[in-house]
Structure formats: C-alpha cells, structure tokens
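Here is a quick briefing to read alongside the model.

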Amino acid sequence: MFSNKFVVEGKLAVITGGSQGLGFALAKKLVSKGANVVIISRTESKLTKCVAELKKRVEKENQFVDYIAADLSKYAECEKVREYFVAKQLYPDHLICCAGDAYPEEFIKMPVAKIDQGIDVNYKTAVYLVHAMLPLITEPVREQHLVFCSSVVAFYSYYGYSQYTPLKAAVKALSDSLRQELLPYGVKVHTVFPGNFQSEGYAEEMLTKPALTAQIEGPSPAIPADECASIVLKSLEKGKLYIFTDLIGWVIASFSLGFNPREWWFAQIFLSLIGALFGRLIDLYHESLVRKQFNSAKKQK
Ligand SMILES: NC(=O)c1ccc[n+]([C@@H]2O[C@H](COP(=O)([O-])OP(=O)(O)OC[C@H]3O[C@@H](n4cnc5c(N)ncnc54)[C@H](OP(=O)(O)O)[C@@H]3O)[C@@H](O)[C@H]2O)c1
C-alpha cells in the first residue's frame, strides 16, 4: 500500500516540453533520483542549455541525459523521435507529455493563428507523440507510465479560455480512453490537472489574460514550478491516476466526478453532491459578472 508506484532510478523518462517550466522541473528531479532522461521541445538552444544543467545532476555511472529537438505537432517529427529510440534500442519507461500553453483572450478578439496554436501545442503534441511511439509502448509488455498534462480548467471552462480549455478537456478524454486501451500492455496512464504555477509559459499567459478571466479565477497564486513538480512526483509515487496540485483543483474536479478515477471517495462523493446543488449558481454568478462588465463598457461608450 505504501510502496513507491513510480520507480525512476535506472529507468528511462522522456519528457516533452522539457526545456522549461514543469517539464524541466520534472527532468531535474528525475535525473537527481537516478533516471535517464530525454527531453524534447522545438528550440535546440534551450535544450542544450537544459541538458548541460541536467548533466550536473547525474550521479550514477551509466546514467545518461539527452535531448531531441522536434516540433511534436507534426506527425513526421514524432516518427523521427521514435526512430531515435529504435536506433539506440531504448524503451522508455515513463513518457511525460508536458508541452502545452495557453493564450487567454476573448474569443471575439482571437486570431485564427492562436486557435491553431492551441490545437497544435496542447493536443497534437500529446496525441501524435503517443501514437507514433505505440510500437515501443506495446512491445515488450512491461510496467510503464504515461503522464498527460491537462489543466484544472478541463473541469470548468470559463470566460477567456476558449482557445485552451477545449484542448485540455480533449487531453483528459484521450487519457481516459488510453487508460483502458493500454492496460493490457502494462501501461498506467496518469493525468495531471495543475493549478497555476510559475513558468515562462505562465508569464506569457498573464500578458493577455482578460481582467474578467482573472476575476472569475479569483486569487490563485502561482506556485514555483519546482514545487509543482514535487507534488506531481509524490502523487505518481502514490499511484494516483488524476493528479491535482492544489486543493481548489481537487474540489472543482470533485464537483463533476462522473466516471473519473477518484480518491477519498466519501469526501469526493459529498463534494459532487455540493457541485450538483450549487455548481450552476456559481456559474450564474460568473454570468452576472460578464453582463456587468458588458453593461459598464456600453455606458462608457
Ligand atoms: N503554468 C501553469 O500555470 C499551468 C497551469 C495548468 C496547466 N498547465 C500545463 O502544464 C504544462 C506545462 O506548462 P508550463 O507552464 O511549464 O509550459 P511552458 O513554460 O509554456 O513550456 C512549454 C514547453 O513546451 C515546448 N513546446 C511548445 N510547443 C511545442 C511543440 N510543438 N513541440 C514540442 N515542444 C513544444 C516548449 O519549448 P519550445 O517552445 O522550445 O518548443 C516548452 O518547453 C502545459 O501543458 C500547460 O498547458 C500549466
């Protein structure tokens, strides 16, 4: 019951979005725990710096760290990633899909290019890479962990997040399907639903976040990426399938429990009743904030 369900020492972890933010924070922790780590993202200059940093943490003789520069929103590049592992006869034990970013903005002002970017980075990088890697995931059958990075907004989408939350909900749905489909191959599928944490991506997100989005979100301090990575790792070690990095995320997810994996069953079932009773009232309050802003903007014109 208390055993470590996510052993990393001597294992091979592949981390997408591993050049910054949560991906890099996880890479640092895994290397320090004795894992072999390959990080993937598009910008080679960032990757080489990260690998140099990671190499300083290597402690074991045969432990290795490497990178692959690839745009994972393109299937052909995901196939090249697979070929890298095939050529080296390496079989990843942990595939962690962290690549993702948000462009919060009112839908009316949303450039089409940003819609495409949202689909590419948040969904295609995950679904394409996992699909391209299937030959290595399904053979040989062994204990593996596939970790997807969604967001707590997958459980409640609100004003300003039209470019982002639909894709994070898609990642959640993908992970739910694969949890069943990959079961026969020894793969455990986990999904992380982080709340705010500090990263380069988060800093960029703050530049366009509409005031109303921030108001609906409420006070939600961004924790350091390292702290977020520690929470994720501890949760993986405990064998959690759905992983939350703050209490509010867990509460919001409990409001719509449905078929989802769960923990603290009675508490979550109680919260799901609260959600059923009051969830819509909270949403109506948020709708009133939208109307209020719209009316005051009209008066000012
Ligand atoms: N930060 C938060 O508050 C927060 C909250 C909830 C959920 N999340 C989710 O948590 C995950 C990590 O967030 P973060 O803030 O650490 O991200 P981040 O700082 O924006 O880093 C994103 C990473 O993804 C890589 N990337 C972007 N597009 C790519 C592509 N097409 N192919 C390969 N790599 C690509 C980036 O490198 P290149 O640009 O060089 O490719 C970078 O390494 C994301 O999925 C995010 O949506 C974040």
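An oxygen atom of the ligand sits 2.5 Å from an N or O atom in the side chain of Ser199. This is a predicted model, where local features need pLDDT of at least 70 and side-chain atom pairs count only at pLDDT 80 or more, while totals for chains, interfaces and linings use all residues. Residues are numbered from 1 along each chain as its sequence is written, and side-chain values use heavy atoms, leaving out hydrogens and water.

**Around the ligand**
- A ligand oxygen atom is also 2.8 Å from a polar backbone atom of Leu22, and one is 2.9 Å from a polar backbone atom of Gly201.
- Of the ligand's own 890 Å² of accessible area (Shrake-Rupley method, 1.4 Å probe), the protein covers 94%.
- Around the ligand there are 33 residues (a heavy atom within 4 Å), and Ser19, Arg42, Thr43, Tyr164 and Ser199 come nearest.

**The nonpolar cores**
- The largest nonpolar core has 33 residues; such a core is a set of buried Ala, Val, Leu, Ile, Met, Phe, Trp, Tyr and Cys residues joined through side-chain atoms within 4.5 Å, where buried means under 20% relative accessible area (1.4 Å probe, protein chains only).
- Ile15, Leu22, Leu26, Leu30, Val37 and Ile39 have the most contacts inside this core.
- Leaving aside neighbours within four places in sequence, Leu26 is in contact (heavy atoms within 4.5 Å) with Ile15, Ile96, Cys98, Ala229, Val232 and Leu233.
- Apart from this core lies another, of 29 residues, including Val81, Leu136, Leu146 and Leu182.

How values were computed. Buried < 20%, exposed > 50% of the residue type's maximum accessible area, 1.4 Å probe, protein only. Polar contact = N/O pair within 3.5 Å; in protein donor to acceptor, adjacent residues only side chain to side chain.
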